Amino acid sequence: MNFETLLYQQNGPIGTLTVNRPQALNALNKDVLRELKQFADEIKTNKDIRVLIITGSGEKAFVAGADIKAMQGMSPKEAESFSIFAQTAFNSIEELPFAVIAAVNGFALGGGCELALSCDIILASEKAKFGLPEVTLGLLPCFGGTQRLPRAIGLYKAREMVFSGEFYSATECKEFGFVNRVVAPQELINEAQKLASTIASRGPVAVSKAKQSLNTGFELHMREGLQQEAHLFGELFTSEDQNEGISAFIEKRSPDFRGK
Ligand code: CO8
């Protein structure tokens, strides 16, 4: 895969995607958003991938937001389209059929924080800073932030972050509940890879359907969510992996999951 603004590396079943515009602290302009969408569309059918890690280039930023310079002079219609364009790209990442880990190495502001929130798990360096500073620019978070953040941490904490526009440390965000772990900067990628390897060793079809149950079930009424969970559980019994997982347990050996 060849991109102008993204770097991609695959190591066995683990892919690592790096947003690569360090000169602008990896800010999201139209090119990055278009490539993120294109990347998600291409990778979603890659059966070899079991976990994707997303990070930012350089030591300073994960992604410092939407490209502020590119927003100047937009018409209301253009601004709305830009928001929808970014939301569509992030939805495609959220809907990838495998686990996605954000390895947040520095500033995750505005659209950068929203990109992390479209990932399944967020690991952060001690140096990371999160925030939704859109109101400081006279804007509101429009890449999914006003929707994903309250779902992740509740309305009250989300309102504080959105209305204040302040930056928060990784530890504060862990307390808020949307950062899973905070690690030393030099350990971040290692930790993300370790977690990715653990997830990659589990039944890929099971992880994929568990993700679907968690993510879409969260939006449903409890009873409908339970129905969906039971349905997805039933579907797993058409997979070879389910048979392999249970057989391996009974035969006291490690399972050899094939993702089928
Ligand atoms: N967009 C464009 N360029 C950026 C951005 C950004 N979001 N962030 C940093 N840069 C650029 C700087 O302009 C600078 O470039 P140059 O050297 O050419 O001047 C370079 O990156 C380095 O940045 P700084 O010199 O500012 O580095 P500092 O260490 O002094 O500060 C900060 C780092 C605190 C991260 C600072 O750069 C900053 O505050 N950046 C902006 C953060 C921000 O407000 N992000 C939210 C943007 S809004 C958003 O994401 C969603 C809005 C949706 C809008 C949709 C419109 C339709």
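This is a predicted model: local features need pLDDT of at least 70, side-chain atom pairs count only at pLDDT 80 or more; totals for chains, interfaces and linings use all residues.
**Core and helix packing: a quick tour**

Phe-178 is then in contact with Cys-113, Leu-117, Ile-122, Phe-130, Leu-149, Ala-152, Ile-153, Met-161 and Cys-173.

Now the core around it. The largest nonpolar core has 51 residues. Which of them touch the most other members? They are Leu-52, Val-104, Phe-130 and Phe-178. Helix H1, residues 30–43, gives the most to this core: six residues.

Next, a helix pair. H9 covers residues 204–217, and H10 covers residues 222–236. They pack at an angle of about 170 degrees, and their axes are 10 Å apart. Angles over 145 degrees count as roughly antiparallel, so that is what H9 and H10 are to each other.

What makes the contact? From H9, it is Val-205, Ala-206, Lys-209, Gln-212, Ser-213, Thr-216 and Gly-217. From H10, it is Gln-228, Glu-229, Leu-232, Glu-235 and Leu-236. By class, that gives four nonpolar, five polar and three charged residues.

Buried or exposed? The cut-off for buried is under 20% relative accessible area. Ser-213 has 15% relative accessibility, so Ser-213 counts as buried. Again, skip the neighbours within four places in sequence. Ser-213 is in contact with Phe-218, Gln-228, Glu-229 and Leu-232.

How values were computed. Residues are numbered from 1 along each chain as its sequence is written. Side-chain values use heavy atoms; hydrogens and water are left out. A nonpolar core is a set of buried Ala, Val, Leu, Ile, Met, Phe, Trp, Tyr and Cys residues joined through side-chain atoms within 4.5 Å. Buried means under 20% relative accessible area, exposed over 50%, partly exposed in between (1.4 Å probe, protein chains only). Helices (H or I, at least four residues) and strands (E, at least two) are DSSP runs, numbered from the N terminus. Contact means heavy atoms within 4.5 Å. Axes are lines fitted to C-alpha atoms, for helices over the stretch in contact, and angles run from 0 to 180 degrees between N-to-C directions. Angles under 35 degrees count as roughly parallel, over 145 as roughly antiparallel, 65 to 115 as roughly perpendicular and the rest as oblique. Ala, Val, Leu, Ile, Met, Phe, Trp, Tyr, Cys and Pro count as nonpolar, Asp, Glu, Lys and Arg as charged, and the others, Gly among them, as polar.
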